[in-house]
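I opened my notebook to get to know a new structure, one entry at a time. Come along and look with me.

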Amino acid sequence: MSTSPFPSPSTPISIEGPPKVLLLENIHPSAEEMFRAEGFEVERLKVALKPEELEQRIQGVHVLGIRSKTNVWEPALAKAPNLLAVGAFCIGTNQVDLKAANRHGTPVFNAPFSNTRSVAELVISEIIMLSRQLVDRIREVHAGQWRKVATGSYEVRGKTLGIIGYGHIGSQLGVLAESMGMRVLFHDVMTKLPLGNTRATATLDELLASSDFVTLHVPATASTEKMLGEAELARMRKGSFLINASRGTVVDIEALARTIRSGHIAGAAVDVYPEEPETNSDGFITPLQGLPNVILTPHIGGSTEEAQASIGKEVATSLIKFVKSGATTGAVNFPQVETPLIPKTHRILNVHRNTPGVLRDINRIVSDLNANIHAQVLSTDADIGYLLMDLDQNVGRPVCEAIAGLKTDIKTRIVT
């Protein structure tokens with residue numbers, strides 16, 4: 001993944017004609033509609049692209065849109081010097097080499113809000129299904145069996161829901177669960193303000209031991225990989241249920257299957273897996289198949305018409321704002337800058353290596369060309385600096401070309 005140094009200084013990026021957008025993986029038409037309304041040229045494909053295919057198709061593209069199946073690694077970024085931004089039309093961004101994109105001056109935007117309700121509603125429905133053993137009863141009736149039983153079926157009112165990861169989805173899920181009469185606990189590595197009567201637990205073990213239902217809503221990171229393994233599953237309350245609609249790497253699937261077979265865990269609902277098929281026509285195998293009271297779904301937590309339309313609009317809005325004004329608010333790998341455009345000026349957007357003296361060199365160029373600065377904002381992270389500068393129109397282009405010639409330059413363009 002992240003292996004390359006910074007790219008060499010280049011000439012300013014010049015967009016001849018409408019900006020070119022490549023949307024992959026059947027991104028909702030709402031995104032295409034927004035881009036076209038703003039004058040962008042859009043190509044929309046239903047499929048994901050393999051790395052070598054992406055390396056070819058990304059050349060000449062200004063904006064790339066993906067979902068969860070297309071991996072955007074260093075080799076593709078290195079072959080796309082005109083790529084301005086990447087949009088992940090989903091919550092997760094682990095399919096993008098964020099550090100490499102940062103070094104190439106390419107912000108990555110995602111949709112942290114738009115499918116929140118859809119995922120929360122799915123989890124609520126799975127809590128009820130698991131508590132009533134509905135997946136088994138449904139399968140039996142389809143097979144011609146009639147088993148009208150109440151043993152092992154319970155109301156969810158009065159039961160305890162433990163939420164691991166109290167972010168956008170976890171907090172909304174807690175509100176829905178409380179409205180159904182459930183007691184809600186949560187555990188998060190960061191201090192979060194509880195909503196309603198929800199209570200934070202001091203440790204993960206406390207949550208596991210206290211909950212009738214445990215649901216995960218955490219990102220895929222080194223610290224969350226198999227965070228629920230054999231030992232953690234054993235600490236869950238006997239007869240409790242596990243739900244995972246976050247990332248497939250956070251639960252040890254083999255250990256979960258063993259814990260269900262032993263009867264310690266009474267059932268599970270799993271929507272994400274360590275390895276998932278690339279297309280709907282591929283086969284799929286998991287150790288959880290065939291186990292009693294286990295709901296298995298094909299990564300559909302955010303797959304509702306409402307969520308996909310909202311995701312399309314949310315990410316497209318961020319990408320359009322960035323292309324037209326340089327705004328990086330919401331980018332997951334980039335310094336955050338956003339200021340309104342100033343009439344009758346040229347805006348220079350410069351990404352450079354974060355080394356001492358860069359701003360001095362840029363301001364010397366501005367001074368030597370007798371340019372008048374109307375606004376200048378610089379934001380940095382450990383590796384790069386992102387400069388937004390509004391100048392008089394008559395000197396904008398010469399300043400832009402001179403800045404792009406600096407040894408510290410990564411990517412420079414002008415908005416007119």
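**Entry 1: a covered strand.** I am working with a predicted model. I began at strand S3, residues 63–66, and checked both of its faces. On one side Val63 and Gly65 are buried, and on the other Leu64 and Ile66 are buried too.

**Entry 2: the neighbours of S3.** Which strands pair with S3? I found that S1, residues 20–23, pairs with S3 in the parallel sense over three bridges. Within that pairing, Leu23 has Gly65 of S3 as its bridge partner. I then turned to S4, residues 85–88, which runs parallel to S3 and is joined to S3 by four bridges. Here Val63 stands opposite Ala85 of S4.

**Entry 3: two packed helices.** Next I looked up helix H12 (residues 358–368) and helix H13 (residues 393–404). Their axes lie 10 Å apart, and the helices pack at an angle of about 145°. I noted the crossing as right-handed. What makes the contact? From H12 come Ile362, Ile365 and Val366, while H13 brings Val399, Ala402 and Ile403. Sorted by class, the contact has six nonpolar residues, with no polar and no charged ones.

**Entry 4: a record to compare.** I also checked UniProt, where an unreviewed entry lists residues 126–301 as "domain: D-isomer specific 2-hydroxyacid dehydrogenase NAD-binding". In the model, I see that residues 126–301 are 28% helix and 17% strand.

Conventions
Residues numbered from 1 in each chain as written. Predicted model: local features only at pLDDT ≥ 70, side-chain atom pairs only at ≥ 80, totals over all residues. Heavy atoms only, no water. UniProt positions renumbered as here; feature names shortened; annotations may be inferred. Buried < 20%, exposed > 50% of the residue type's maximum accessible area, 1.4 Å probe, protein only. Pairing = 2+ DSSP bridges. Axes fitted to C-alpha atoms, helices over the stretch in contact; angles between N-to-C directions. Left-handed = near helix turned anticlockwise from the far one by under 90°. Contact = heavy atoms within 4.5 Å. Nonpolar A, V, L, I, M, F, W, Y, C, P; charged D, E, K, R; others polar.
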